[in-house]
Amino acid sequence: MIKASRRLCVFTVLPVLAGMALSGQPASASSPEAWKQFRAEVESACVAMAAPRMKVASIRVDPTGTASFGVALLTDAATGAQHVCVYDKQTGKTELGGALETITDPVQPFSPEDATQLSDLTPQVQATLDELAKKGVPVNGQADTVKALLDGRVKSDDIGSLPTGPYRCNVFWYGFLVEGARRVGTHACTVSRAPGGGLVIEKTTGEHLHAETVPLKNGQTAFAGRTWIDGQSERQYDPTHPANAENDNFGNKVGRVLRSGERLFLVSIDERGMTEPDPTFFEILELVPQL
C-alpha cells in the first residue's frame with residue numbers, strides 16, 4: 001500500500017485494536033489454550049454474523065480483546081472494504097459495523113516536492129508542447145490526447161472502472177534533448193484493484209514501477225509510485241525517503257492519471273536520473289489492453 005497516503009476512520013483500525021488489547025484481560029489470567037479457543041469463538045461468531053451481507057476474504061482477530069469484548073477486522077471479498085466486528089465476552093452477542101471509510105487527504109499523501117510536481121505538471125506539459133511547436137518539432141497523438149484531457153476540453157473517462165488484467169505499456173518522452181516525441185520502449189504492465197477501490201498499476205519489465213491511484217480535488221486523479229530495478233528492495237512510495245538507497249536514479253514517482261476509452265495514461269514530469277532539470281520535458285506511460 002501507499003505509505004502515509006490513507007488513514008482509516010476509527011483512528012486507523014489496526015493500531016486501535018492493538019491498543020484495545022492492552023486494556024483487555026491479561027494473558028496471565030488464562031491459559032494459551034483458553035485464549036486460542038476464545039479467538040476461534042470470535043472468528044466463528046463474526047464470520048457467521050457477516051455471512052448474510054458479504055463473503056469474508058480475511059479476518060484478523062485481536063488476540064485478547066478488551067475487558068468486555070472480543071474484536072475482529074473483516075475484509076469483504078467482493079469490495080475490499082473492511083468491517084469491525086465486536087463480540088460480547090459475557091453474552092456472546094455479536095455486532096458487525098459498516099464499511100470503514102477511507103479518507104484521502106489531497107496533499108498529505110505526497111512529500112512537499114512531489115506535491116509541487118503535481119501542481120506544476122499541467123503548465124510544464126503546455127510549456128513543453130509550446131516549445132516544440134515553436135521549433136517546428138512534431139509530437140504524436142498521445143500528447144494531443146493527454147493535453148486535451150489535462151485542459152478539460154475532453155473529459156477523462158472513469159478511471160476506477162478500467163478493466164483489470166495485462167496491458168501493453170508504451171513509454172514516451174517529450175522535449176528530451178532536441179526530440180519531439182521519443183518512444184523510449186514498449187513493456188508489459190498489469191492493472192489490478194486496490195482494497196480501497198483504486199487501481200494498482202505495475203510495470204513488470206524494464207525499469208519497474210509500482211503505482212497506486214490517489215484521488216485529488218475536483219475529481220482529478222493522481223498516482224503515487226516508485227521505480228526500481230531488479231535487486232532493489234525499496235518498491236513502495238515513501239514520502240520520507242524519496243530516493244532508493246541502492247541507486248538514487250530510482251525512487252518515488254508521481255503524476256496524473258487520465259483515461260480515454262480503453263487507454264490509460266500516466267503523465268509525469270519526473271526527471272530522476274537526469275543530469276540537469278528541464279522545464280520543457282514530460283513523460284507519458286500509455287497502457288493499452290492486450291488482445
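Trainee: So pLDDT is the predictor's confidence in each residue, from 0 to 100. Which element of the protein has the lowest mean pLDDT, and which has the highest?

Mentor: Keep in mind that this is a predicted model. Among the elements of the protein, strand 1 (residues 7-8) has the lowest mean pLDDT, at 32, while strand 13 has the highest, at 98.

Trainee: And what does the protein average?

Mentor: The average pLDDT is 85, and 86% of the residues score at least 70.

Trainee: Where does the pLDDT stay under 50?

Mentor: Residues 1-29 are one such stretch, and the model has 65 contacts for them beyond four places in sequence. Residues 103-107 are also below 50, with 11 contacts in the model beyond near neighbours in sequence.

Trainee: OK, new topic. How many helices and strands are there?

Mentor: The protein has four helices and 14 strands.

Trainee: Which strands close into a barrel?

Mentor: Eight of them do, in the order 7-8-9-10-11-12-13-14, and the pairing is antiparallel. Ignoring direction, neighbouring strands of this sheet are turned by 30° against each other on average.

Trainee: Remind me, what do strands of a sheet pair through?

Mentor: They pair through backbone hydrogen bonds, either parallel or antiparallel.

Trainee: How many bridges join strand 7 and strand 8?

Mentor: Strand 7 pairs with strand 8 (residues 181-193) over 10 bridges, in the antiparallel sense. If you want a pair to look at, find F172, whose bridge partner in strand 8 is R183.

Trainee: Let me try strand 12. Why is strand 12 said to be largely enclosed?

Mentor: Because eight of its nine residues are buried, strand 12 is largely enclosed by the rest of the structure.

Trainee: And which residue stands opposite V254 in strand 12?

Mentor: That's A224. Strand 11 and strand 12 pair over five bridges, antiparallel.

Trainee: What about strand 12 and strand 13, what do they form?

Mentor: A hairpin, with two residues between the strands. G261 sits in the turn and has a positive phi of about 65°. Strand 12 and strand 13 also have five bridges in the antiparallel sense, and V257 has L266 in strand 13 as its bridge partner.

Trainee: Switching to helix 3. Why does its span agree with the number of residues?

Mentor: Helix 3 covers residues 112-135, which makes 24 residues. At 1.5 Å a residue they should span 34 Å, and the end C-alpha atoms are 33 Å apart, so the two agree.

Trainee: Where does helix 3 bend?

Mentor: At L121, by about 45°. A proline, P123, follows within four residues.

Trainee: Which residues of helix 3 are buried?

Mentor: D114, Q117, L118, L121, Q124, V125, T128, L129 and L132 are the buried ones. Here's a rule to hold against that list: an α-helix has 3.6 residues a turn, so residues three or four places apart point the same way.

Trainee: Last bit. What order do the strands of the open sheet have?

Mentor: The open sheet has four strands in the order 2-3-4-5, with antiparallel pairing. Strand 2 (56-61) and strand 5 (94-96) stand at the edges with a single partner strand each, so one side of each has no neighbour in the sheet. The twist averages 25° from one strand to the next.

Trainee: Is G80 buried or exposed?

Mentor: Buried, because its relative accessible area is 16% and the cut-off for buried is under 20%. G80 is in the loop between strand 3 and strand 4 (82-88). Leaving out residues up to four places away in sequence, G80 touches T75 and P195.

Definitions and conventions:
Residues are numbered from 1 along each chain as its sequence is written. This is a predicted model: local features need pLDDT of at least 70, side-chain atom pairs count only at pLDDT 80 or more; totals for chains, interfaces and linings use all residues. Side-chain values use heavy atoms; hydrogens and water are left out. The expected span of a helix is 1.5 Å times one less than its number of residues. The bend at a residue is the angle between axes fitted to the seven residues ending there and the seven starting there. Buried means under 20% relative accessible area, exposed over 50%, partly exposed in between (1.4 Å probe, protein chains only). Two strands pair if DSSP finds at least two bridges between them. Axes are lines fitted to C-alpha atoms, for helices over the stretch in contact, and angles run from 0 to 180 degrees between N-to-C directions. Contact means heavy atoms within 4.5 Å.
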